[in-house]
Amino acid sequence: ESDEEEPAAPVSVAVEALSAVAAESRGRLATALLALLNSASETELRDVLAGIGAVRARLIVETRSERLFESLDDAFGRIGLSAKQASNLTLANLRQILASRPTTSPRKRDGARARRSYRKSGRVLARKEGDDPKREYPATIVKVHDCGTVYDIKYDDGTTWKNAPAEVVRLR
């Protein structure tokens with residue numbers, strides 16, 4: 001019996017460690033999102049946050065001009081988001097918000113990939129949102145977000161994709 005109980009100790013240690021990491025990540029996410037909501041311009045809110053359009057961005061800026069948001073609950077409540085909408089907004093932007101951490105830079109995460117290859121005005125091949133994942137189209141990087149983890153892309157046929165993940169882009 002004692003042999004069966006011993007493996008539980010490493011498992012409980014691992015569970016505790018994972019819980020601590022999750023709590024730290026939630027705190028970092030909340031801090032980053034709150035800072036963004038309290039400081040970004042209408043244009044930055046629209047460009048950086050998925051799910052935020054012109055009307056909601058204007059409402060955020062107007063609401064915080066009265067008084068800065070004290071917490072995410074305060075922000076979401078004052079701009080009229082339901083709990084479900086707030087959760088969806090947070091999840092949709094999780095990658096972009098956490099990408100600002102220095103330890104998750106594209107260079108460290110992807111090894112030798114050179115950031116300068118994906119600079120603004122860079123010519124690339126990119127997949128289109130919702131299209132065949134094997135098909136790539138010639139395009140230009142219009143804007144670089146989050147240290148090169150997200151891009152605004154303009155395809156040669158005139159269509160665009162805002163906040164496209166880096167995985168859909170490669171050099172020509």
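These legends accompany close-up views of a predicted model.

**View 1. Helix 6 has a buried side and an exposed side.** Here we look at residues 83-92, which make up helix 6. Ala-86, Leu-89 and Thr-90 are buried. These three residues lie on the same side of helix 6, because they cover an arc of only 95° around the axis. Turn to the other side of helix 6 and you will find Lys-84 and Leu-91, both exposed.

**View 2. Strand 2 pairs with strand 1 and with strand 3.** Strand 2 spans residues 137-145 and runs antiparallel to strand 1, residues 123-126, with four bridges between them. Lys-143, for example, has Asp-152 in strand 3 as its bridge partner.

**View 3. Tyr-137 and Tyr-155 form an aromatic pair.** A search of the whole structure turns up one such pair. Tyr-137 belongs to strand 2 and Tyr-155 to strand 3, so the pair links parts of the chain that are 18 residues apart. Both tyrosines, Tyr-137 and Tyr-155, are buried.

**View 4. Lys-128 lies over the faces of two tyrosine rings.** Lys-128 lies over the face of Tyr-137, at 4.6 Å from the ring centre. For the face of Tyr-155, which Lys-128 also lies over, the distance to the ring centre is 5.1 Å.

Terms used: Residues numbered from 1 in each chain as written. Predicted model: local features only at pLDDT ≥ 70, side-chain atom pairs only at ≥ 80, totals over all residues. Heavy atoms only, no water. Buried < 20%, exposed > 50% of the residue type's maximum accessible area, 1.4 Å probe, protein only. Helix = DSSP H or I, 4+ residues; strand = E, 2+ residues; numbered from the N terminus. Arc of directions from axis to C-beta. Pairing = 2+ DSSP bridges. Phe/Tyr/Trp six-rings, centres within 6.5 Å; stacked < 30°, edge-to-face > 60°. Lys NZ or Arg CZ within 6 Å of the ring centre and 35° of its normal.
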